[in-house]
Amino acid sequence: MIALLALAALINYIDRGNLSIAASLLKDELGLSASQLGILLSSFFWTYSLFLPVSGWLADRFDAKWVMALGFFLWSGATAVTGGLHAFAALLAARLMLGIGESVAYPCYARTLVRHVPEVGRGFANALIAAGVGCGPALGTFFGGTLMGRYGWRPLFIVLGLVSMAWLIPWFAWMPRGGAAVSPVEKSGAWFLELVMQRSMWGTCGGLFGANYVLYFEITWLPYYLVHERHLSMGTMAKIGGVGYLCYSAGAVVFGWISDRWIAAGGSPTLVRKTFAGVGAGSAGLLLLGCALASPMVSMILLLLAFAAGGMCGSNIWAITQTLAGPKMAGRWTGLQNLLGNLAGIIAPAVTGFVIDYTGHFIMAFVIMAIVAALAALSYFFVIGPVKEVAWEG
């Protein structure tokens with residue numbers, strides 16, 4: 001089950017990041033400005049963020065298997081259709097549809113893990129999903145960049161969208177059965193009021209926003225930065241970017257495993273989860289800023305370390321949320337947190353594009369990203385309270 005969720009995360013992040021890999025080719029073909037490209041790259045997150053609360057409610061209200069399957073089919077279809085489009089407006093519409101489909105993923109992950117995985121194993125389970133998050137852009141950057149350089153970007157989108165639908169076959173066969181019971185709180189709508197009254201909920205949102213700002217900065221603009229600012233070829237960019245995302249995956253698995261072993265040895269979930277999430281988020285931003293300032297060789301080393309630090313954070317972000325929310329609120333807390341946290345996906349690509357247009361360089365965009373990452377670390381350390389299940393009313 002966890003392997004299937006990790007594979008879904010891998011496909012998820014290939015699909016949401018493949019447009020950034022094609023950015024240079026797309027920009028030339030359609031004659032887009034950096035600002036237009038930034039809007040196109042961020043458009044996925046408009047619908048992704050807005051539909052997350054709806055998807056969170058659906059994951060808690062209905063069988064997560066069917067919610068996940070419907071969303072997966074929708075986002076795979078949107079990916080395939082993108083390869084046949086030629087107008088900016090049509091591409092924008094396809095990215096909006098992709099966002100709607102992918103909005104089901106994390107609420108369904110949370111609903112499934114919180115019901116089937118205990119606290120002492122939740123760090124590693126989430127780390128495997130985070131590894132899928134890293135391996136998706138790794139494979140997409142390495143193989144996608146290589147194949148796009150040889151065959152163009154359109155065939156890759158079409159084949160990827162159609163082939164990935166085969167994931168639905170084992171999903172239907174192996175996903176745990178059974179729907180979620182609906183409580184009186186769920187029916188009355190009081191769950192929303194309960195959530196927004198929790199200080200820790202706002203802490204998880206702030207932390208996720210900062211961590212996502214770093215990750216989406218990497219996914220949407222790093223390929224363009226490496227090609228145009230560091231003057232790397234598409235092939236070299238693909239190799240470096242691919243290795244970077246593999247470092248993210250390795251960091252997630254290693255630190256997720258360590259966090260569970262620390263808790264099993266007697267460490268409190270509060271200390272363990274907040275340490276890995278906060279240190280990872282802050283370090284990722286600072287290392288990326290160092291990457292922009294350093295010489296070419298040192299820059300690449302810092303880049304890989306930044307990815308590994310991001311994996312450290314990613315391995316524990318959702319373990320914190322799942323423990324705080326518990327089985328009753330896992331889907332909806334995840335949906336609301338992802339809504340606010342993924343505003344970074346709207347803001348980071350667009351802000352970066354406007355900053356580049358205004359300054360002509362990337363450095364100020366890196367500074368902004370590092371400041372946001374530092375604020376995320378502070379949110380994990382000082383805004384989130386004890387990492388234990390909230391005593392929900394009703």
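**View 1. His231 sits out in the open, in a loop.** His231 is exposed, at a relative accessible area of 66% (buried means under 20%, exposed over 50%, and partly exposed in between, using a 1.4 Å probe and protein chains only). You'll find His231 in the loop between α12 (199-228) and α13 (234-264); helices here are DSSP runs of H or I with at least four residues, numbered from the N terminus. Phi of His231 is near 60°, a positive value in a residue that isn't glycine. Most residues other than glycine have a negative phi.

A quick note on the model: it is predicted, so local features need pLDDT of at least 70 and side-chain atom pairs pLDDT 80 or more, while totals for chains, interfaces and linings use all residues. Residues are numbered from 1 along each chain as its sequence is written, and side-chain values use heavy atoms, with hydrogens and water left out.

**View 2. Glu102 is a buried residue in helix α5.** Glu102 belongs to α5 (residues 88-102) and has 0% relative accessibility, so Glu102 counts as buried. Skipping neighbours within four places in sequence, Glu102 is in contact (heavy atoms within 4.5 Å) with Asn12, Asp15, Arg16, Phe44, Tyr48 and Trp75.

**View 3. Met68 belongs to the largest nonpolar core.** That core has 114 residues, and those with the most contacts inside it are Met68, Tyr109, Trp167 and Phe366. A nonpolar core is a set of buried Ala, Val, Leu, Ile, Met, Phe, Trp, Tyr and Cys residues joined through side-chain atoms within 4.5 Å. Again leaving aside neighbours within four places, Met68 touches residues including Ala8, Val104, Tyr109 and Trp171.

**View 4. The largest cavity has a volume of about 280 Å³**. On a 1 Å grid over the protein atoms alone, a cavity is a set of points where a 1.4 Å probe fits but cannot get out, and lining residues have an atom within 4 Å of a point. The largest cavity is lined by 28 residues, and Asn212, Leu215, Tyr248, Gly314 and Ile317 lie nearest its centre. Elements giving two or more residues to this lining include α1 (2-21) and α15 (296-341); α15 gives the most, with eight.

View 5. A disulfide is a pair of cysteine sulfur atoms within 2.5 Å, and the whole structure has zero. Cys135 is partly exposed at 23%, whereas Cys205 is buried at 4%.

Terms used:
On a 1 Å grid over the protein atoms alone, a cavity is a set of points where a 1.4 Å probe fits but cannot get out, and a pocket is an open set with protein on both sides within 12 Å along at least five of seven lines; lining residues have an atom within 4 Å of a point. Grid points are joined across faces, edges and corners, and a volume is the space filled by probe spheres set on the points.
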